[in-house]
Amino acid sequence: MEKHYRKMILDTQDRVVKSLQIQILDQESPRYGGFADPTGIVQAKFAIYRIAGMIAAYCNEDTCFYRDGRVLERIMTGLDYVARVQHESGLFDYITCNFFSAPDTAFCVKKLLPVYQYLRDRREGKAGAELTAEECGILEKVESIVALGARGLLQGGFHTPNHRWAIASVLMSCSRLFDCKEMETAAFTYLNEGIDCNEDGEFAEKSAGNYNRINNDAMILLSEATGDPSYEQNAIRNLWMMLTYWEPDDSVFTANSTRFDKDRLIFPKDYYMEYLKMGMKYEIPEFLQMCNTIFEIVDRRQITSPDFLIWFMLHPEYRKLEFEGSYQRPDFESFYQESGIARGQQGRFTYTVMKGKSNFLYLHNGSMKLEMKVAGSFCEHRAFKGQQMERISRGTYHLRQTMGGWYYLPFTEKPATSDWWKMDNASREKKLGPDMQIDVWVKEVEDGLDVRVKTSGVEGAPWRIELAFSGVDFLTNDYVDLPLTGSEVIVVKQGHTQIGNGKDALTVGPCFGEHHFTEGKEDSEEKTPGAATLYLTAYTPFDREIQIRDKVSVYC
């Protein structure tokens, strides 16, 4: 992967330039040697990520910063800052939320591990030229931070599922590096809970934009440290799944995430090393093709390459591998039943159907995106969220939700207080009913989808089908032509409507509009930010089918 390596060299040099610009050089500042992130925050984790890249550039003879004295001075100053803010226990703070944090310490140590291993291997004569005195100085400081951090991890403590694997994998790796049985034992206390990766390859947080690959890294590190390949099988399942998770605009589908990456525009570049490692080890051509595809995305989207130069230095065999061809994903349809999500691709568009989400349907055709929901008010409910999801046949899915109506009844005996907020209202008896049932069928057809929505159980409720379009600038049908800014709410009463942006377009219909109740005091479901929203409105009960077709815009 020589071309990838050369691109990483260039981008690492750019990162070093940026690091030199943002490092705090005021010797009177308690943050001297640290680095200010884009929000102005200075802390250990961000510093370590910057310093790791600087060390790779300093030690690599192919960079313009090879053994550069100024870079060396900044590295040492940065490492001194990191050492100052590391607690005596070995733990770091993540100052925007977590203090004396084992998970964040694990992430810090994990970033330094390949740097430490590369320098230590050279010190021991296992790889490349012997260390210079200056590089020995770097190694000494890095080793102190890593060893102390690993000891700190013995205290444990975590918040989220992925934290367990970050801590366990770093402990296990450091147990080998420092010959520490206590670290190995501590790692197994986390691993004893069992890995939260289901048969689909999905981890508990469903975070395709971030934490899936964090978990994959941990699983691969565990296999490397223990020699047990069962851990990395979780990563392999996830990497296969991720081949179905990217969109026509090269981004990762993130709408089902339970974490901060939900709905963010994220490209899959940080999965590169996982695809490379597992593709090489298990001779999986699709994974190696995906490595090439990731660098095509980097070029196409003009984004920086993944920050993995140090791994190419630690493993020279990565440079020697040459694999031609990129991953050309065929049309597919995948139902990840346990994860409650279906993904499909037909020609130039992808679609997603999800259980338990108010935006239950997504369609992406390159430069525009459609999100669909069924919304209204029924007791505490504000939108349809499928409780059950079944695959009827290839490309055809049925979602169902029963919304239970209820009312509180008075206590049979006088309560101890007349203060409503102090009453044990959860123990009240309830009058149950009526129930409202909503069924949705999504069916893949040529050039699009057919979506049938059926409501029953309640008469006369003003509900609606919302179609939120992002990346569009016009709407047209037989009755109106409208320019769009991305904030409109439009009720269309009849006909088929085309919405597009001069490059891509979708048509939807037949449209219907029995009422104009689109927002009200009972309605708490927020509109999709930045989207033009088409409302199709009807009174319950109703049974309607909407045809969605991918079209080449008439404006092209």
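In this predicted model, helix H6 and helix H7 meet through two sets of side chains: Arg164, Trp165, Ile167, Ala168, Leu171, Met172, Cys174, Ser175 and Arg176 in H6 are in contact with Met183, Glu184, Ala186, Ala187, Phe188, Tyr190 and Leu191 in H7. By class, this contact of H6 with H7 comprises 12 nonpolar residues, one polar residue and three charged residues.

**Helices H6 and H7**

- The axes of H6 and H7 come within 8 Å of each other and cross at roughly 155°.
- Angles over 145 degrees count as roughly antiparallel, and H6 and H7 are therefore roughly antiparallel to each other.
- The crossing in which H6 passes H7 is left-handed.

**The buried face of H7**

- Helix H7 spans residues 181–191, and its residues Met183, Glu184, Ala186, Ala187, Tyr190 and Leu191 are buried.
- Viewed down the axis of H7, the buried residues fall within an arc of 165°, so they line one face of the helix.
- An α-helix has 3.6 residues a turn, so residues three or four places apart point the same way.

**Helices H2 and H4**

- Helix H2 covers residues 44–59 and helix H4 covers residues 102–123; their axes come within 9 Å and cross at roughly 15°.
- Angles under 35 degrees count as roughly parallel, and H2 and H4 are therefore roughly parallel to each other.
- The crossing of H2 and H4 is left-handed.
- On the H2 side, the contact involves Lys45, Ile48, Tyr49, Ala52, Ile55 and Cys59; on the H4 side, it involves Asp104, Phe107, Cys108, Lys111, Leu112, Val115, Tyr118, Leu119 and Arg122.
- Sorted by class, the contact of H2 with H4 has 11 nonpolar residues, four charged residues and no polar residues.

- From C-alpha to C-alpha, Gly227 and Gly366 are 43 Å apart in space, and they are 139 residues apart in sequence.

How values were computed: Residues numbered from 1 in each chain as written. Predicted model: local features only at pLDDT ≥ 70, side-chain atom pairs only at ≥ 80, totals over all residues. Heavy atoms only, no water. Axes fitted to C-alpha atoms, helices over the stretch in contact; angles between N-to-C directions. Helix = DSSP H or I, 4+ residues; strand = E, 2+ residues; numbered from the N terminus. Parallel < 35°, antiparallel > 145°, perpendicular 65-115°, else oblique. Left-handed = near helix turned anticlockwise from the far one by under 90°. Contact = heavy atoms within 4.5 Å. Nonpolar A, V, L, I, M, F, W, Y, C, P; charged D, E, K, R; others polar. Buried < 20%, exposed > 50% of the residue type's maximum accessible area, 1.4 Å probe, protein only. Arc of directions from axis to C-beta.
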